[in-house]
Amino acid sequence: MRKFRLPFLLIAFLFILNACQKENTPIVEEQDSATAEKVQEPELEITDAVVQTLKSNFYNTSDIKVVNFMLPDGTFEARYQVEDDITFSVESLEALPEVKKGSDAERNYHTNNLVSSRTLTIIGFTGGNNALTSKEQTALQYAVNNYNRLNLSIRFSLTFGTNYQNKDMVVYYNPNESGSGGSAGFPSNGNPNKFVQIYGLDNSSVDVIEHVITHEIGHSVGFRHTDWFSRQSCGQNVNEGAGGIGANPIPGTPSGYDPTSIMLACFSSNEDGEFNNNDIIALNYLY
């Protein structure tokens, strides 16, 4: 998911374990997951082992945070956050593999963990303060359609309601976040990231909300930001990290900046919510 960036520079994926997008004007960047409302302080510690695990899996460790991550029922869970919109629970962090130099994982813009081929159940949450609006529900349907029309080895079965516990993924609104965007996580043990948040999109078009949700689902099934090496879409020049030895694109996709990818770290206020051709190539390569 993500927040819109400020008026100075432009656009936003990566992914690897938990992710998000933000907004600037006119472009949007992945989320900054600091809770506005004061809740119990998280108890996780950023140890050398935590840093090394994230670094070896090609995450940018320059700005690791411990955040209170809101769940659909309004409770909070302490998580690690990196790269603005990627979060890890203790369990998902422990599930990350040790990556050795020269491994295949260093050569694609995707995480080491992918999703086992099957139909995935996804629910749009409709309860209480974390309910999706009618417009957001429409955008979620469009996002699911983006994936299903490609006839991949993974497929989404979408419902709406509050019984999310037995679903593979749940998309919901977080009222405590500032800015505009979303956040998610990466797959583990063959399963997608379960929790996808969006926030601050009330004044955005259905297409922009569709873009944010499609992006965050992308993280949830294993995609990194396509501009991980520069975050150029956010008007930055910051490398999110690739184990210190570089990371190459998925075969058939550009090695440089791809200005229309749905997986850019930041997004603009005029997104159409659709994959570009390179996004489709990447999805077909993995699934």
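Visitor: Which residues does Arg118 touch, not counting residues up to four places away in sequence?

Guide: Arg118 touches Ser153, Ile154, Arg155, Asp168, Gly190, Asn191 and Pro192 once residues up to four places away in sequence are set aside, contact here meaning heavy atoms within 4.5 Å. Before we go on, this is a predicted model, in which local features need pLDDT of at least 70, side-chain atom pairs count only at pLDDT 80 or more, and totals for chains, interfaces and linings use all residues. Residues are numbered from 1 along each chain as its sequence is written, and side-chain values use heavy atoms, with hydrogens and water left out.

Back to Arg118, which sits in strand S7; helices (H or I, at least four residues) and strands (E, at least two) are DSSP runs, numbered from the N terminus. At 26% relative accessibility, Arg118 counts as partly exposed. That label covers the range between buried (under 20% relative accessible area) and exposed (over 50%), with a 1.4 Å probe and protein chains only.

Two of the names in that contact list deserve a second look. The side chain of Arg118 reaches the backbone oxygen of Gly190 at 3.1 Å. As for Asn191, its C-alpha atom is separated by 10.0 Å from that of Arg118, and the two residues are 73 apart along the chain.

Then there's Asp168, whose side chain meets that of Arg118 in a salt bridge at 3.7 Å, N to O. This pair links distant parts of the chain, with Arg118 in S7 (residues 118–125) and Asp168 in the loop between strands S8 (154–161) and S9 (169–173), 50 residues apart. The rule for a salt bridge is a side-chain nitrogen of Lys or Arg within 4 Å of a carboxyl oxygen of Asp or Glu, and the count by this rule comes to three.

Glu274 and Arg149 meet through their side chains at 3.6 Å, N to O. Glu274 lies in the loop between strand S12 (266–268) and helix H5 (277–286), and Arg149 in the loop between helix H3 (134–148) and S8, so the pair ties together parts that are 125 residues apart in sequence. Glu274 is partly exposed at 32% relative accessibility, while Arg149 is exposed, with a relative accessible area of 52%. Arg79 forms a salt bridge with Glu77, and their closest N and O atoms are 2.5 Å apart. Here Arg79 is buried, at a relative accessible area of 5%, whereas Glu77 is partly exposed at 27%.

Now step back to the loop between S8 and S9, where Lys167 is also found. Lys167 is buried, with a relative accessible area of 18%. Leaving aside neighbours within four places in sequence, Lys167 is in contact with Thr121, Ile123, Thr159 and Lys194.

Buried residues make up 59% of its 287 residues.

How values were computed
A polar contact is a pair of N or O atoms within 3.5 Å; within protein, one must be able to donate a hydrogen and the other to accept it, and residues adjacent in sequence count only if both atoms are side-chain atoms.
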